[in-house]
Amino acid sequence: MSVRSAGPPRTELIADTALALLAERGMRGLTHRAVDDAAGLPQGSTSNYARTRLALLEAAVRRQAEREAVVLDPGELPDPAGAGGGREALVASLALALHRYLTEGSRQLLVSRYELALEATRRPELRAYYDAAGAQFREPLTAMLRAAGSTDPDRHTLALVAWSDGLLFSCVAGSYHATVPSEEELRAGFRELLRGMLGDQA
């Protein structure tokens, strides 16, 4: 009786390989054949899983969201109204998440996200998948800001997300690509943002 070697499910392997190819070669380098080759799968394996290019991109977006959920776990965001919450706990959680992105091998994941975001601007079908994936991170943050006393939680969420995304892009693909802020530097940035949004109350 043969024993299968341990490893990720084939669907997961295909989606992970698609993300790696996006980061390495860009959107033009993502083809069904390229995924088969890079994943070491028989030709046609990716086509059997994702018949069309759109289906392959949708699978990549879903896997992107799953992997980013490990880096930025919404469950780690504290409840300011609950025990162990408060602004400083939120600052620490957000700084930790950004620092994970910039270290721990997560930079490639950011590059694949940028490739998918640009493609979503050209494919309305993909936009729905991309936006739904993003909502799972925005909604807990909005709820936290509302609980913390934000007078405009939706606008403040946008500001926090935009600042975070801008910093990540600058440090991965922009003019600060060789810079990795420390967690303390990231905490200082979030403290300043939240002080401006929420005032000086604890």
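This is a predicted model: local features need pLDDT of at least 70, side-chain atom pairs count only at pLDDT 80 or more; totals for chains, interfaces and linings use all residues.
**Entry 1: Leu 198.** I started with Leu 198, which sits in helix 9 (residues 183-198); helices here are DSSP runs of H or I with at least four residues, numbered from the N terminus. Residues are numbered from 1 along each chain as its sequence is written, and side-chain values use heavy atoms, with hydrogens and water left out.

Is Leu 198 buried or exposed? Leu 198 counts as buried, at 9% relative accessibility (buried is under 20% relative accessible area, exposed over 50%, partly exposed in between, with a 1.4 Å probe and protein chains only).

I then looked up what Leu 198 touches, skipping neighbours within four places in sequence: Arg 87, Ala 148, Gly 149 and Ser 150 (contact means heavy atoms within 4.5 Å). Arg 87 is 111 residues from Leu 198 in sequence, yet their C-alpha atoms are 9.5 Å apart.

**Entry 2: Thr 46.** Next I went to Thr 46, found in helix 3 (residues 45-49). Its relative accessible area is 0%, so Thr 46 is buried. Beyond four places in sequence, I found Thr 46 in contact with Ile 14, His 32, Val 35, Asp 36 and Leu 56.

**Entry 3: helix 2.** I checked helix 2 (residues 32-39), where His 32, Ala 34, Val 35, Asp 36 and Ala 39 are buried. What covers them includes helix 1 (10-25), helix 3 and helix 4 (53-71). Just past the end of helix 2, I noted Gly 40 with a positive phi of about 70 degrees.

Technical notes
Helices (H or I, at least four residues) and strands (E, at least two) are DSSP runs, numbered from the N terminus.
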